[in-house]
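I set out to record what I looked up in this structure, entry by entry.

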Amino acid sequence: MKSLLLITSLLGSSAQVSGFASSNLAFKLAANTDANRNYQWQRKRQAKMGVSAPLPAATSSVDADDEDNVSRLEKRLLDDFRIAGGEVVHPYRVLNVSRNADRQEIKAAYRTLSRKYHPDGILQRNDNILPGRCNNMDDVREEWERIKLSYEILTDKKLRVRYDRNSALADPAAAVGRAALGTIGWGLSGVGKGLIEVGKMALNQKKT
């Protein structure tokens, strides 16, 4: 199961990241993701063929008791990435950088947002214009807290690795989707390089 393998690799030697059966829950979450993906694929295939034979309903391997454990697991995994109000911060989204962003890109994004959202700067301007979707200074301070925490996460190597690993375990479907897109991108890049090499060979043959 691809999703399970991805989660296992992300966890690495720290599969005991939570105090309870995280590996068992990860297995069930991954199994659920794969089962529902297969169900959706079968539905699309039948639609293309014009077949309306009934399919077994998409199933979940996470029962009611496990759902409670999953929510507790997610809370425990992501507790270090919450602002004071309890909201989990998604640093790549907040800073609007890719998951492969280097330190310079992260700093540049942080500086841009600092100029826009730093509460002191807004008060000094005194123009009554609030940034983004902020409706008052409380919103500005909360957004600034998200930005600061996101910067701290992504500029601390250990913290960044822990966020990547724990967020993948908390949402395995999203992690699998990102891995699939990365694979597709790598494949297209390889095809492009191959076409360039073929073009060079053709030009060299023409010259000779």
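Entry 1. The model is a predicted one. Arg-162 belongs to helix 8, whereas Asp-80 sits in the loop between helix 3 and helix 4; the pair, 82 residues apart, links distant parts of the chain.

Entry 2. Within helix 7, I found Glu-142 and Arg-146 four residues apart, about one turn of the helix. Their closest N and O atoms are 3.0 Å apart, in a salt bridge. Arg-146 also meets Glu-143 in a salt bridge, at 2.6 Å from N to O. Glu-143 and Arg-146 are three residues apart in helix 7, and both are buried. Shared partners join Glu-87, Glu-142, Glu-143 and Arg-146 into one network of salt bridges. For Arg-146 I read a relative accessibility of 14%, which counts as buried because the limit is under 20%. Glu-142, at 33%, is partly exposed.

Entry 3. I next recorded the overall fold. The protein has nine helices and zero strands. Of its 208 residues, 32% are buried.

Entry 4. Which residues have the most contacts inside the largest nonpolar core? I listed Leu-95, Val-97, Ile-147, Ile-153 and Leu-154, in a core of 31 residues. Elements giving two or more residues to this core are helices 3, 4, 5, 7 and 8. Helix 7 gives the most, with eight residues. In soluble globular proteins, nonpolar side chains tend to be buried together.

Entry 5. Arg-111 is placed in helix 5.

Entry 6. Lastly I looked up backbone angles. Asn-96 is not a glycine, yet has a positive phi of about 55 degrees. Asn-96 lies in the loop between helix 4 and helix 5 and is exposed, at 68% relative accessibility. Asn-128 likewise has a positive phi, near 60 degrees. I located Asn-128 in the loop between helix 6 and helix 7, where Asn-128 is exposed with a relative accessible area of 75%.

Conventions: Residues numbered from 1 in each chain as written. Predicted model: local features only at pLDDT ≥ 70, side-chain atom pairs only at ≥ 80, totals over all residues. Heavy atoms only, no water. Core = buried A, V, L, I, M, F, W, Y, C linked by side-chain atoms within 4.5 Å. Buried < 20%, exposed > 50% of the residue type's maximum accessible area, 1.4 Å probe, protein only. Salt bridge = Lys/Arg side-chain N within 4 Å of Asp/Glu carboxyl O.
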